[in-house]
There are 2 protein chains.
Amino acid sequence: MPTRSMLAAIALSTALLACAQTSAQVATSPTPAASQASPQQAAYRPEFGTMWTFDAPPIDYWRRTYNFAPDQRWLDKVRLASVRLPNCSASFVSSRGLVMTNHHCARACIESTSPSDSSYMETGFAAKSITEEKKCAGLYVDQLQSIENVTTRIRSAVTGTTPAEQASQRGAVITQIQDECNQQTRLTCQVVTLYHGGIYSLYRYRRFSDLRLVMAPEGEVAFFGGDPDNFTYPRYDLDVTLLRVYENDRPFTPSEYLRWSRNGAVENELIFVVGNPGSTGRLNTIAQMEFLRDVSYPATLAGYERSLGVYAELARGDTAAARRYQNDVFGYENSFKAVTGYRTGLLDSLQMATKREFERDFRARIAADPKLQAEYGASWDAIAAAQRELATFNPLLRYHSFAGGSRLLTLASQTVRAVLESSKPDAQRLTAYRGPGLNTVRAAVSANVAIDTAFERLALAAQLRAAQAELPADDPFLRAALGGRTPEAVAALAVQGTRMRDSTFRISLLNGGAAAVAASTDPIIVLARNIDPFNRTVTARAAALNAIIASNAEKIGQAMFAAYGTALPPDATFSLRISDGIVKGFPMNGTIAPYKTTFYGLYERSAAFDNKVPFRIPPRWAERKNRLDLATPYNFVSTNDIIGGNSGSPLINKNAEVVGLAFDSNIEGIANRFIFTTDVARTVSVHSRGIVEALRKVYDATSVADELEGR
Amino acid sequence: MPTRSMLAAIALSTALLACAQTSAQVATSPTPAASQASPQQAAYRPEFGTMWTFDAPPIDYWRRTYNFAPDQRWLDKVRLASVRLPNCSASFVSSRGLVMTNHHCARACIESTSPSDSSYMETGFAAKSITEEKKCAGLYVDQLQSIENVTTRIRSAVTGTTPAEQASQRGAVITQIQDECNQQTRLTCQVVTLYHGGIYSLYRYRRFSDLRLVMAPEGEVAFFGGDPDNFTYPRYDLDVTLLRVYENDRPFTPSEYLRWSRNGAVENELIFVVGNPGSTGRLNTIAQMEFLRDVSYPATLAGYERSLGVYAELARGDTAAARRYQNDVFGYENSFKAVTGYRTGLLDSLQMATKREFERDFRARIAADPKLQAEYGASWDAIAAAQRELATFNPLLRYHSFAGGSRLLTLASQTVRAVLESSKPDAQRLTAYRGPGLNTVRAAVSANVAIDTAFERLALAAQLRAAQAELPADDPFLRAALGGRTPEAVAALAVQGTRMRDSTFRISLLNGGAAAVAASTDPIIVLARNIDPFNRTVTARAAALNAIIASNAEKIGQAMFAAYGTALPPDATFSLRISDGIVKGFPMNGTIAPYKTTFYGLYERSAAFDNKVPFRIPPRWAERKNRLDLATPYNFVSTNDIIGGNSGSPLINKNAEVVGLAFDSNIEGIANRFIFTTDVARTVSVHSRGIVEALRKVYDATSVADELEGR
């Protein structure tokens, strides 16, 4: 389900993914951190981007490219000054524990600290003194203390012969490593799987759990331009929030923090982003990329279009409904933007040719070593075969498994399955219902959620119509779902006649178990029951193929590390990375996008749209306009490599001084998920000078500005 | 040869084309103006755009679409308030003869009236009083007095059976009509060929030849953003110049002029552009469009790239050269932009499908009437066959005829030919050397022009290399041109050893005639002599095919008028048209381009580029910034249909009041040359409020501003 700000959403979802991946895991082996020289002196390849780990900084590459080679002290300082929020990045920016992140990363805190009769999202907030700073309930940041390579220990624990056995042993040893570390160090320990298992690294974090809100601008200026301007540049967003870390109810004094640059980002300057990119797919094989490009993404986009069609129908001639669904529509439009962007990179034949050339080189390196060839050589073809087979039944998978669209049908399907699966031994259940999964599903079904009947009816009918259009006429699923009736009739009956809107009814079915579900005449339960066997068959078939792809993708990650070592950075894993880049404009729409924008542009874009939402200037910004030096740099772009999870990352210069705050990619940069390029792809950041100018002139936050500037 | 501002260039070239087409022509037949109802009540098709003639205004379509149906008085007023410059459009905007046009349309006047020690292009100019207004030597404007349909008289004069005979008779009767009209009315009369001969209309103009410069802004603000921003939007250009028409040394009082709107252009408002679009190709057949798309434009673009490669080589490591060639490079880059834009429309499969569907409908209408079918039915296939044949020898045509690239070789080829052709009877000469053509060529050869030897050598070598790469190895042209040597050796010898840089040498060859040319050992004359036979053969072959295309294109124009009447507007002919449109932003680069910009944006873009050229603000604009209301509308976009020649057209509202001044298309609009669309294509204009704000606050031109606003 897409959300309003896609970058935040990606941050969130990839963060959770990354966490889920590592949370059930841990270790101790004392092998040294990987060296930065690759096993075969393989050269850096720009299409893999620049998300470097702190234990393998590419010093030679930096020296060669920029004539800059930071020492270990520089690297340690930068690492310790950086912190990770649950789904974003951040940094210490003062000696008294000020932490800088994006406004969109701190929304929950900004909302929860608001007074009962107003919202800081609307009005903004700036503590007049330290006593006014507001505690953010439940928020914490993690500071990376050390990294230890635990690959050998994990490898030696994995002795099984089947993938399932190996996975179980790997999970067990990772959990053991993490638990030992947690107990010994009292730190928060996570084993990070790099290169899909090429290296396992134990990351030890110090956690700070008392964060307080110091300053947050109005949502209208933090997210100025709203969804239309999201993912784009030129941009005019003050997407910043300042928090403060406390310890024992007093401001914390960090051992390291980032000082504020006097000039901020300057055109053509080398700068670094330090943060936690969530997830990239740069190690995907050509077969995986082609599947996404030709099968998966087109289907996803068609699904978004279907949902948008439903909202358009609901809003037709009904302005109240149009307003009500506006956020959902924006969300889908943004997801459409993002997925179209991912696909754009895959559609670029030049970029794909680069990738093909890499795959040839990679496979040749593996083939040249009989041992590597025996271990990894078959993985590409195995993935390609599985992707090909997945492509053959993709419409079945999409329609039989019936994901997305109608919420009621999802709830009904989950109810039917939870009841059936709970009667089986854990290992025989469908994947999502194993271990804690069953309870997660039961909780989801039991929760009190709002159901929009009008939407449900149209969405269910649209799903059924799409199934009818794409599946063969004699598909048994269609017979089971429609029973000869029209999609509209089935949807009307199922949605109008159901009691599944009511959570107490859902809970009663869960409690009633298999008998209650089997006896139910509730029309949407009947529908869910009728299609469940098809759903089950196709899901299992896809799961088996995806397991083949996953285990071979792991092998390819390991093969990559074997062939290239750390000459190429690993895919993103929501762990700390440092990315080099240059402050630089780009060709856009027939002309040039400048490397920076200024406050003039904020007022321009507002005036050009007659100050209409989402281009409205908050009252304080209108009133205090004449105080501002409008030519102050406000946002800027650079060629650094970021993705969701990097939101809130500081941008620093060679002196490790703050020059900006990353908050988005331009739309051209979305395609960097798979193949990194810098022709037109850019990181979009708030300029450090713009932050201070706003603090001083708009928010009267002189003491905070002085604190940042070290005055 | 591309020029700096492509829109001006198009205006110029298409204007000259249009003039050339009609200047040798004249008539009297008293048939009434075409009615606005079409012969078969055919419906309007949006892909043909909205360049309506004043004798066939689409009143029903306007009423249906906008609920607006102007009466004849409104139309007469608007027509008489509009005037035509030699290569642009303009309008009367005050009771004392003020004429508004673009800055880029009045450059010659602005330059020629400048003091000897400075340039109004740099400093701008605003007459403090009427006595300071500066006469623009040689400039005139034409005001359209009346239109008369002379189709019947022309048709009845064309009795011949061969195309050559018909063309000659047509030319003669047109000249006669124009001459009679000039003598009888003392007006300037032109027969305009609409629908490629579907209608002939006699346009009678009153000419005003005393124009004086009243106000022109600095070039830097008129063309702010320079070549990068050319053809783009959002835009921030004060592309305006005010002139005044004088009669008997006193300001002229026009019978009609456009009053100034109080609000200027407002979002979603219906507005009209009134002006003289130069040339469109909307009546081209699919075969013609495909030839442009697949053969002609790619070759043109490759030629531009070749020239850009030469400049890049010249500039490599030589900053002085880089500066010297900067304008040429900009020119080619802009032409590249424009032609890429034309081609974009043809590459759009949806747009081409619309066009195909039209062609099917069109041909079916013709086929339905045996008389029309007999006259026109074969024309599409005839054109397609000729285009196919042209495509088969396009590389030969390009390289054997050797156009573009080396200027010296062009001069040498012209010298060789002028001498050979002058010995033949006129009718047997190559087309370009018939009638006044020969003298035009001789004058071009005799003129004193600067030759850049370094460029010549590289350009000639590049041309020869391209010929080598694209022609078969055994092409006899290659043997004749290279004689076994490398392109570089031939170019070096030809350029270094020639005396053709010197105009007196060229004149001596012309005067020496065939004997002098035959005896010459000048290496580039030898080269030109050697390739002339190939050149001649291929040019004649192409000319014969192009004559077939031209005569059938004429038939199709006539067929279109027969099938659709004036339901579809004719292709542009640099004669007065009125186009309807809506003030409206558009989706751009992932977000929305606003319908207008403001002065804030001018200062934003300047500040974002650190006030570097071409984003530098003139000193007066920096000094007087605080006087301006920065939120004043400055530029804006609308869906009106314009093309080169429309530069300087007024935009008016339903009250015939000035709301803006057209000066460009956005880059998305360039593709409208062949297929008109309004999804993202826009006319870019200066907003009337921006003009007055600048006059009052920046130029202290209070009296002129009062005159415009009728105060």
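Analyst: A residue counts as buried at under 20% relative accessible area, as exposed at over 50%, and as partly exposed in between (1.4 Å probe, protein chains only). This is a predicted model, in which local features need pLDDT of at least 70, side-chain atom pairs count only at pLDDT 80 or more, and totals for chains, interfaces and linings use all residues. Residues are numbered from 1 along each chain as its sequence is written, chains are lettered from A and ligands numbered from 1 in the order in which they are written, and side-chain values use heavy atoms, with hydrogens and water left out.

User: Why is B:Phe574 called buried?

Analyst: Its relative accessible area is 1%, which is under 20%, so B:Phe574 is buried. B:Phe574 sits in the loop between helix H23 (523-564) and strand S15 (577-582) of chain B; helices (H or I, at least four residues) and strands (E, at least two) are DSSP runs, numbered from the N terminus. Its phi is near 50°, a positive value in a residue other than glycine. Most residues other than glycine have a negative phi.

User: Is A:Asp700 buried, exposed or partly exposed, and what makes it so?

Analyst: A:Asp700 has 44% relative accessibility, a value between 20% and 50%, so it counts as partly exposed. A:Asp700 also has a positive phi, near 50°, and lies in the loop between helix H26 (688-697) and helix H27 (702-709) of chain A.

User: What does B:Leu411 touch?

Analyst: Contact means heavy atoms within 4.5 Å. Not counting residues up to four places away in sequence, B:Leu411 touches B:Ala444, B:Val445, B:Val449, B:Ile451, B:Met500 and B:Arg506. B:Leu411 belongs to helix H17 (residues 407-422) of chain B, and its 5% relative accessibility makes it buried.

User: How do you know that A:Glu220 and A:Arg616 form a salt bridge?

Analyst: A salt bridge needs a side-chain nitrogen of Lys or Arg within 4 Å of a carboxyl oxygen of Asp or Glu. The closest N and O atoms of A:Glu220 and A:Arg616 are 2.7 Å apart, so the pair qualifies. A:Glu220 lies in helix H8 (residues 219-222) of chain A and A:Arg616 in the loop between H24 and H25 of chain A, so the bridge ties together parts that are 396 residues apart in sequence. At 27%, A:Glu220 is partly exposed, and so is A:Arg616 at 38%.

User: Why are B:Arg84 and B:Asp142 called buried?

Analyst: B:Arg84 has a relative accessible area of 6% and B:Asp142 has 3%; each is under 20%, so each is buried. The two form a salt bridge with the closest N and O atoms 4.0 Å apart. B:Arg84 lies in strand S2 (residues 82-84) and B:Asp142 in strand S7 (residues 141-149) of chain B, so the bridge ties together parts that are 58 residues apart in sequence.

User: How much area do chain B and chain A bury between them?

Analyst: They bury about 2,500 Å², 53% of it on carbon and sulfur atoms; buried area is the accessible area (1.4 Å probe) that two parts lose on being put together, summed over both. B:Asn589, B:Tyr600 and B:Glu604 supply 27% of the area that chain B buries against chain A, more than any other three residues. The contact takes 34 residues from chain B and 33 residues from chain A.

User: What makes the relation of the chains that of a two-fold axis?

Analyst: A rotation of 180° with 0.0 Å of shift along its axis superposes chain B on chain A (RMSD 0.1 Å). That is the relation of a two-fold axis. The superposition is by least squares on the C-alpha atoms of residues with pLDDT of at least 70 in both copies.
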